[in-house]
Amino acid sequence: MQPLPPLGPTRFRSPAERLLHGLDPARCLDGDGPQAWRRLEREVRCATGREHEGDTVEVGGHSFPDSEVADRSTAPHRGKWHRLARSAEPPTDAELALGLCHDDPRVRKAALGHAAGRNGLLPLLVSRCADADRAVRKAARAVLAGALPAVGDRTVHDLVPLAVLVRPLRHGAGAWDLLLERLGSVPAGILSELADDADPEVRHAAVKAALHHGTFPPDRVAAIVTDDPAPGIALTALRRGGLPAERVAGFVLPGRSPEIRRESLALALRAGALTPARLAGIAAESRDPVVRRRCEEAVADFLAQRSGEAPAADLLDALLANSRSAVRAHAVGALRRAGRADELRTHLNDPAARVRGAARHELRAAGGDPTAHYRAACAVATPAPAAVLGLAETGGAPDLPRLWELACHPDGRIRTAALCGLRRQRAATPEQLLPFLCDPHAPARRAVRSAVLPHARSRPASWLLDLFAPDRPACVRMSAPALVEERPLLVRRRLARSLTSHPDHAVRRWARRLMQQRPKWDVRAGVKAALKLIGGRGVPLDEAIDTEDPDAWAAFDLGVRLLSHREGLGERAGTALCHPVGRIREAAVRAAAGRPELLPLIVLRCADWAPQVREAARSVLLTELRDFGPRTLRTATPMVTHLSGRREGRWAVEAFEAALRDPVHARVRTGLYRHHHLPTRRTAVRIGLEATPPNAAEPARRAAREPDAVLRHLWTDAALAAMAAHGPDAAALDSLLGARSGSVRAAGVTALRAAGRAGEAERHLADPSALVRSCARWLIGQRGGRDGDARAHYLRRCAGAPSPGAVLGLAECARREDSGVLLGLLDHPEGAVRAAAVAALRLLGGPGSRPEVLRPLLDDPAPAVAREVTLSLLPVAGLLPADWLASRTGRGRPAHTRRAAVRLLAVQGSDDGLRAAVAMLDDPEPALRHAALPLLRRWDWGATAARGGLDRRELRELFGRYTSDLPWSEIRRLKVGD
């Protein structure tokens, strides 16, 4: 048997390409229905809509390198014949179809001269009857009129859908009229079918035609309005369907589209089909604001047109009970005309201000006094909130004391009403309203925010800081953060920096959380800060940049230089000091003398690349150090430490270090020990310890509280040196032993021997820090004999009430035979002890660290145990069953067990581990999502592909899901084996 030739890739050709291959027009369509012909026409017109050379218009001009042409003899190709490409005489249907759809009207007209008798081109003739060119349109109608009598009814019915689609066009009625003349009547059945078509354009055209000829009954029109998903079609049916007004009014109800509701309401109002009571009900039920407003206006117009007569009692009661305040207000305005003025006092306490205003107006017209009513209503212990608002709206100065009393009422609604009244009367200053910013009732807080917040924006930062004073009421301190949040981030951070040690826990927590929002000072931030200063908005310097951050000044300096093309750089002192032109910088340095807020920029200019600017800045800085030494050191030392890495920055560093060593500035140096800028703090501590070595108590206390490791080391060494020089200090030793850092505690344990307190070493044998335990064992070992056996101490502790430190300490000095003690601790009720036992067995080795012993602990409920078991099993992960680990990655397991199992599977490199790691990328647990990505980054995808355990398609899906969360710079370095 002869083998078949290999199949090439399938090529799906467009309708226009099929015509070029010589296929009949009916076989070139994509889909059925009239839209297929319209798409064919649009595609050919788009393909031929280009500039043509000379008088020749090329329809074909297409080369066919393959053998997929239906008939090469009939396929259009280059040639001249009345400016129309042709392959033969007479032209084929494919050529004429291309000509009828051509962009050039000359080609379309020429093609119409050969279209007579071609029944396959009748749909295109229908489209040409609506052509934009008058000559083409006229010729197409003549050809179609001559062709229709000669074809059968079936062919004419097939043309109706396309004629319906073309009919709404500007000139599209011609083909429709010709078809109706041929059929003799309107094809109601075809229109009904087209009205249910899936294409909205076809459906819309069919509905228009059916409504024009009146072939749809009212029920069908109503069904279109109700059920058609296209709002335009429903609106067309509603406007042209001729439905009764009562039926149109039913479409105003909720559940319809906004267009249908509004159009139905307009038609019903025009026909007078809605009574005032019905309008009021629609206004209350509808959620459409336009419908509500139009209904309320209609009710108002109805009552205004009958101002000379009283409305019916039942109608008035229905309007008064409406939920819309506008409807109730119009009804209240008609009460006096209806002879029911005695009911006006009831509506004085309406929750809506509009209704209260109408009731007051009518009551005054009837001779009543609304203010007296409100005063009496507010004299009771628990007045209505609306009465309080009414008193504020009508009362005066004599009523203010009562409003202040009600502002402290237990009921939040009454407090809110009283606060709104005080604001309306302008009887409360923003300072008086401050305590209400932390009111437990949210509407009360909202009532005062709009009055207090604008006032707080204009107050200085010192006023905001004073609100946090400990002697202030707690309600004021709790409301102050809301005011601070209205200021820029730099101002908020500056205020919060001095509140991180506030005695109030809530204030302290808020300040520390705010200090964590540290802005990133890069070149872009520097440019933004410079634009704020030169933008003419009057922004202060301390609101544009963080004046206490050296990185901010450096970024600002670079940002100004990048804006050298902008005007106004030399107009402000801050930007002039960073100007790209050296002469302007030099003049700005001399002009900035005596301005402490610009000292960091003067320090920056001390390392300027221009010698003239450097000398001027150094001269100004020396003057500042001589005249205002403490202030200059406190302000400029952070910027000086920032210059230490620059070529010309060493001069300023040496000058400031010499000034800080001066005993006159000892107090300033001590203040810099607490500076928030870490390099400044380190410099001050180093110089201070060199200049005046302190006693042991102070450095020990500072070492115990210091968060920085470098400074802890400096303070600890200073304390030990002081005790070595002046003798033991009990207070200093206790501070070292009570520190949070293990290295500081280890130094304290080592110093116990010199202080004669070596007997306290046993208390530190079970310390959580391995360094402290080691120092304690060394101290015990110096005794010798039985008292110097730390192992015995650990065995006693583990046999009684073990702690994690004691268990780890035993492993650090135990023998192989002690592994039984550690194995017994694997069942301890405390998870921390079990985790320490697993870590101890890993250190000790032996039978206790074998996989069969540790495997059951992977399901331990304590995350610390699972973590230690994972560390112990990682070297032998290849010996673990992959299916056993994979069963522990399901979402029914605890998160720590799943994470441990995936880590072990990743070490194995198994296919199950890859599936589990990729699945964790979409896990609801954030910790698992973060743990899965590093595992996949280290995954050997090439080895997985070469092993062939996964289907190629599945592997690529897993790889695609993994790379979807990666940046492009990382994706392009990855590759999956072919």
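## A tour from Thr-637 to the cysteines

Select Thr-637: its side chain reaches the backbone oxygen of Leu-633 at 2.4 Å. Keep in mind that the model is predicted. Thr-637 belongs to helix α38, which covers residues 629–642. With a relative accessibility of 2%, Thr-637 counts as buried. Now show what surrounds it. Beyond its neighbours within four places in sequence, Thr-637 is in contact with Thr-632, Phe-656, Leu-672 and Thr-680.

Next, select residues 730–737, which form helix α44. Which residues of this helix are buried? They are Ala-732, Leu-733, Leu-736 and Leu-737. Turn the view to look down the axis of α44: the buried residues fall within an arc of 135°, so they line one face of the helix. An α-helix has 3.6 residues a turn, so residues three or four places apart point the same way.

Then go to the N-terminal end of α44, which is capped by Asp-729. A side-chain oxygen of Asp-729 lies 3.0 Å from the backbone nitrogen of Ala-731.

How many disulfides does the whole structure hold? A search finds zero. A disulfide is a covalent bond between the sulfur atoms of two cysteines. The sulfur closest to that of Cys-28 is in Cys-101, and at 10 Å it is too far for a bond. For Cys-129 the closest cysteine sulfur is also in Cys-101, 13 Å away and again too far. Cys-28 is buried, at 0% relative accessibility, and Cys-129 is buried with a relative accessible area of 0%.

Technical notes: Residues numbered from 1 in each chain as written. Predicted model: local features only at pLDDT ≥ 70, side-chain atom pairs only at ≥ 80, totals over all residues. Heavy atoms only, no water. Buried < 20%, exposed > 50% of the residue type's maximum accessible area, 1.4 Å probe, protein only. Helix = DSSP H or I, 4+ residues; strand = E, 2+ residues; numbered from the N terminus. Arc of directions from axis to C-beta. Polar contact = N/O pair within 3.5 Å; in protein donor to acceptor, adjacent residues only side chain to side chain. Disulfide = S-S within 2.5 Å. Contact = heavy atoms within 4.5 Å.
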